[in-house]
Amino acid sequence: MERLRKKAMQMGIVLDDTQISQFQTYFEMLIEKNKVMNLTAITEKEEVIDKHFADSLAFAQTGLETSGKRLLDLGTGAGFPGIPLKIAFPEMEILLLDSLNKRVRFLQDVIRELNLQGIDAVHGRAEDFAKQKAYRENFDYVVSRAVANLAVLSEYCLPYVSVGGYFLPYKSGDIQREIDESRKAVKILGGSVEDVVSFEIPGTDIHRTILKIRKKTAAPKRFPRKAGLPSKEPIR
């Protein structure tokens with residue numbers, strides 16, 4: 001885990017021994033549960049550190065404030081980037097949302113085992129929770145590492161972002177065309193691409209991008225549409 005400590009430091013994050021221990025326990029739980037449930041195809045420790053833990057912590061590259069902020073990790077899967085962000089920035093309030101109940105139960109076990117406070121994992125679909133007053137436009141930041149087209153992802157995520165907050169999708173590869181093709185969707189949903197933060201995970205040749213999409217106006221109430229429609233008929 002010293003590998004992770006060094007990478008975090010290069011991103012401006014200081015991890016103490018307690019946080020390093022939490023990452024170690026999280027790794028062990030992830031690998032153990034992965035034997036009976038498909039959580040990740042990446043299981044080698046160095047790869048988990050680089051491609052899951054350090055990649056999640058790359059949020060720090062955005063330069064955004066963390067203290068007292070509320071963050072939603074939509075489609076969190078095995079807990080990335082939400083749980084690493086909670087370990088590194090305990091002052092953030094974090095909600096993990098996933099549509100598979102088995103994954104959510106695993107995340108709840110991790111939260112208990114690591115004794116994390118101010119974080120919860122809930123089971124549900126993005127399009128359903130976005131209609132609820134307790135969640136809609138109620139988060140400073142919404143993050144997602146989900147592999148989905150930006151126009152589709154924006155429809156699911158932007159309705160959760162409070163006006164003045166940010167939608168922060170983690171992307172890889174050349175995404176300029178994807179950005180261009182999603183501009184209409186982002187605008188309709190009340191957002192605007194403010195910055196494209198491209199970087200390399202320290203000590204690797206892994207190139208990543210986090211888009212900073214600022215929420216300028218409230219999203220129309222009809223979005224997100226019912227399940228399946230955003231991917232079948234993206235806003236163009």
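Predicted model: local features only at pLDDT ≥ 70, side-chain atom pairs only at ≥ 80, totals over all residues.

Trainee: What sits at the start of helix 2?

Mentor: D16. One of its side-chain oxygens comes to within 3.1 Å of the backbone nitrogen of T18.

Trainee: Which residues of helix 2 are buried?

Mentor: Q19, I20, Q22, F23, Y26, F27, M29, L30 and N34.

Trainee: I see steps of three and four in that list. Why would that matter in a helix?

Mentor: An α-helix has 3.6 residues a turn, so residues three or four places apart point the same way.

Trainee: And what covers those buried residues of helix 2?

Mentor: The cover includes helix 1 (2-10), helix 3 (45-57), helix 4 (82-88) and helix 5 (101-113).

Trainee: On to rings. How many aromatic pairs are there in the whole structure?

Mentor: Eight. One of them is F23 with F53: centres 5.0 Å apart, planes at 50°, so that pair is tilted. F23 is in helix 2 and F53 in helix 3, so the pair ties together parts 30 residues apart in sequence.

Trainee: Are F23 and F53 buried or exposed?

Mentor: Buried. F23 has a relative accessible area of 0%, and F53 also comes out at 0%.

Trainee: How do the rings of Y26 and F53 sit?

Mentor: Their centres are 5.5 Å apart and their planes are at 20°, so this pair is stacked. It links distant parts of the chain, with Y26 in helix 2 and F53 in helix 3, 27 residues apart. Y26 is buried, as is F53.

Trainee: Which residues form a cluster with them?

Mentor: F23, Y26, F53 and F80 make up one aromatic cluster.

Trainee: Let's switch to annotations. Where does UniProt put the "binding site" feature?

Mentor: The record is an unreviewed entry, and it lists G75, F80, A126, E127 and R145. From that set, the lining of the largest pocket takes in G75, F80 and R145.

Trainee: What about A126? Where is it, and is it buried or exposed?

Mentor: A126 is in helix 6, residues 126-129. It is buried, at 11% relative accessible area. Setting aside residues up to four places away in sequence, A126 touches L74, L97, Y156, Y160 and P224.

Trainee: And E127?

Mentor: E127 lies in helix 6 too. It is buried, with a relative accessible area of 7%. Beyond its neighbours within four places in sequence, E127 contacts Y156, P224, R225 and A227.

Trainee: Which side chain makes a polar contact with that of E127?

Mentor: That of R125, at 2.8 Å.

Trainee: Last one: H52. Which side chain does its own side chain make a polar contact with?

Mentor: R145, at 3.4 Å. R145 is one of the positions in the UniProt feature.

Trainee: Where is H52, and is it buried or exposed?

Mentor: H52 lies in helix 3. At 9% relative accessibility, it counts as buried, because the cut-off is under 20%.

Trainee: What else does H52 touch?

Mentor: Leaving out residues up to four places away in sequence, its contacts are T40, I42, E47, F80 and R145. H52 and T40 are 12 residues apart in sequence, and their C-alpha atoms are 9.6 Å apart in space.

Note on methods:
Residues numbered from 1 in each chain as written. Heavy atoms only, no water. Buried < 20%, exposed > 50% of the residue type's maximum accessible area, 1.4 Å probe, protein only. Helix = DSSP H or I, 4+ residues; strand = E, 2+ residues; numbered from the N terminus. Contact = heavy atoms within 4.5 Å. Polar contact = N/O pair within 3.5 Å; in protein donor to acceptor, adjacent residues only side chain to side chain. UniProt positions renumbered as here; feature names shortened; annotations may be inferred. 1 Å grid on protein atoms, 1.4 Å probe; cavity = no way out; pocket = protein on both sides within 12 Å on 5 of 7 lines; lining within 4 Å. Phe/Tyr/Trp six-rings, centres within 6.5 Å; stacked < 30°, edge-to-face > 60°.
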